[in-house]
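Hi,

Here is the structure I promised to pass on.

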Amino acid sequence: MVGFCLAGRRAFRGQVRVLPGLSSMLRRLYSLDISGELLRTQGFINGHWVSAPDTFPVLDPATGEELAQVSDCGPQQAQDAVSSAYKAFHSWKCQTAKERSALLRKWFDLVNQHNEDLAKLITAECGKPLKESLGEIAYSASFLEWFSEEARRVYGDIVAPAAKDRKMLLIKQPVGVASIITPWNFPSAMITRKVGAALAAGCTVVVKPAEDTPLSALALAELAVQAGIPPGVFNVVPCSREKAPAVGEILCTDPLVAKVSFTGSTATGKVLLKHAAGTVKRVSMELGGHAPFIVFDSADVDKAVAGALASKFRNSGQTCVCSNRFLVQSGIHDAFLEKLGKAMDTELRTGHGFEPATTQGPLINVRAAEKVVRHIEDAVSRGAVVLKGGKRLEGSFMQPTLLSNVSTDMLCMREETFGPLVPVVKFNTEEEALAIANASEVGLAGYFYSQNLSQIWRVAEQLEVGMVGVNEAILSAAEGAFGGVKQSGLGREGSKYGIDEYLEVKYVCIGGLTL
């Protein structure tokens, strides 16, 4: 339920049902107490908050309690948002890079100023622990800061011509209206990583957030208004799961849209690519991952264990760059399993994201938990051994699970789990590890631990992924180029390359000159 607290702040209250094996701390009441101006429930089109004929519920994934009813925008609202963005584009692109930079910097400052409230929204609608949510807001803000700076670094070229009577120039211009379709697992950062680049380039945007987590997107819209982003430049059309296909089709097929940027599953990405192909739109796709995590005999085992915890269990295993397939060389296999099991016992604690001690929140919904259970049951039926966890708790909570005696034919080795499951495969040679790691249709991120410099160079080059962590489990940064190969997507986000996704190169030849 949503209501008003004193001092003009809104709050919800819900009782977490006691989960088997969890402490009595989960019996307490939890409240979301944030600035009322940030808890928005309408669509945001052309600088106005817009209601739709219907609404849909946003739930706390830990408790199932309703947080809010949000406007269920449909094709008409999506069309209105595109039209508004197209109209705004003609004035926004004419603002100087310095002017756009200043507005993005104001937006960055406001996100930092409201970081605690924004983090509470993420924990409430996404379920991740509050400490992680605060980290996401810092990460989210970093893209606004980075692209506020990159806005003034869009350079063209003067090319030496073959003829003496002409000059040749290559200039960069914004592509136009960009449709931004984002996932639930990073409901703030996945928006700013795309929108920061788009606005810096001079594009306008229509954002369709995930149906599970629209509140974070709408809070960003409120702060965009406060930052002075002009009407129509940043639009948000939240919608239910039922209306998502129709809204997504509008955003990918409307002739006024020049660019589509999507983060989500490979299957959905393929559908959106087909839609976008009809009008030959520019596309960026950050799709599914299935990251290998390789530990060689030369590795520092303690550092590898710490890296495994960080890479696998962040957001309860629900990130596209989470390690999914753990390959450990035979010489240190047993030591790694023993130390990782002990670390899981001491470092991981399951509970509501608002509990300070929680490191593992719920999965986003029951379907996600059922998928993890299916992967565990399949592995066990094929000979895997459960060393830790293995059980589904109440609702969408899962025990962090460690499996040994895993083989490559198991489901968890063939598809992304997106949950707190660590399947460990023993291997003997570097060549064997690379063959297993590269035997996937996707290639987003990969990790490995080694202290052999020659091996580090070989493996980093041979892993078929877009990003490699060497003795490092947390890759993401505004300065880094984020993206994959194979069926993990197209294009790059962040870094100096991220803004290029929203720019066209125009060749200008000036002839007939007397020089």
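Before the pockets, a word on what counts as one: on a 1 Å grid over the protein atoms alone, a pocket is an open set of points where a 1.4 Å probe fits, with protein on both sides within 12 Å along at least five of seven lines, and its lining residues have an atom within 4 Å of a point. Grid points are joined across faces, edges and corners, and a volume is the space filled by probe spheres set on the points.

Two housekeeping notes. This is a predicted model, where local features need pLDDT of at least 70 and side-chain atom pairs count only at pLDDT 80 or more, while totals for chains, interfaces and linings use all residues. Residues are numbered from 1 along each chain as its sequence is written, and side-chain values use heavy atoms, with hydrogens and water left out.

**The pockets**

The largest pocket has a volume of about 1,400 Å³. Its lining is made up of 47 residues, and those nearest the centre are Trp184, Gly264, Ser265, Thr266 and Thr268. Helices and strands here are DSSP runs (H or I, at least four residues, for helices; E, at least two, for strands), numbered from the N terminus. Helix 8 supplies the largest share of this lining, six residues. Split by class, the lining has 18 nonpolar, 17 polar and 12 charged residues; Ala, Val, Leu, Ile, Met, Phe, Trp, Tyr, Cys and Pro count as nonpolar, Asp, Glu, Lys and Arg as charged, and the others, Gly among them, as polar.

The second largest pocket comes in at about 670 Å³. It is lined by 31 residues, with Lys131, Glu132, Ala310, Arg314 and Asn315 nearest its centre. Two or more lining residues come from each of helix 4 (130-150), helix 5 (189-201) and helix 9 (301-313). Helix 4 gives the most, six residues. Here the classes are 15 nonpolar, eight polar and eight charged.

Thr266 belongs to helix 8 (residues 266-277). Is Thr266 buried or exposed? It is buried, at a relative accessible area of 15%; the cut-offs are under 20% for buried, over 50% for exposed and partly exposed in between, with a 1.4 Å probe and protein chains only. Leaving out neighbours within four places in sequence, Thr266 is in contact (heavy atoms within 4.5 Å) with Leu287, Gly288, Val442 and Gln487.

Thr213 sits in the loop between strand 13 (204-208) and helix 6, and at 1% relative accessibility Thr213 is buried.

How many of the 14 residues of helix 6 are buried? The count is 12 of the 14, so the helix is largely enclosed by the rest of the structure. Among those buried are Pro214, Leu218, Glu222 and Ala227. The expected span of a helix is 1.5 Å times one less than its number of residues. For helix 6 (residues 214-227) that gives 20 Å, and the end C-alpha atoms are 20 Å apart, which agrees. Just after helix 6, Gly228 has a positive phi of about 95°.

The 18 residues of helix 1 (residues 75-92) should span 26 Å, and the end C-alpha atoms are 25 Å apart, in agreement. The buried residues of helix 1 include Gln77, Val82, Phe89 and Trp92.

**The cores**

A nonpolar core is a set of buried Ala, Val, Leu, Ile, Met, Phe, Trp, Tyr and Cys residues joined through side-chain atoms within 4.5 Å. The largest one has 98 residues, of which Trp107, Val111, Val195, Leu199, Val205, Phe234 and Ile294 touch the most other members. Apart from it lies another core of 31 residues, including Ala308, Leu309, Leu402 and Phe482.

Asp72 is in the loop between strand 9 (66-71) and helix 1. With 5% relative accessibility, Asp72 is buried. Not counting residues up to four places away in sequence, Asp72 touches Ala52, Asp54, Pro238 and Lys243, among others.

Glu431, in helix 13 (residues 430-438), is exposed, with a relative accessible area of 57%.

Cheers
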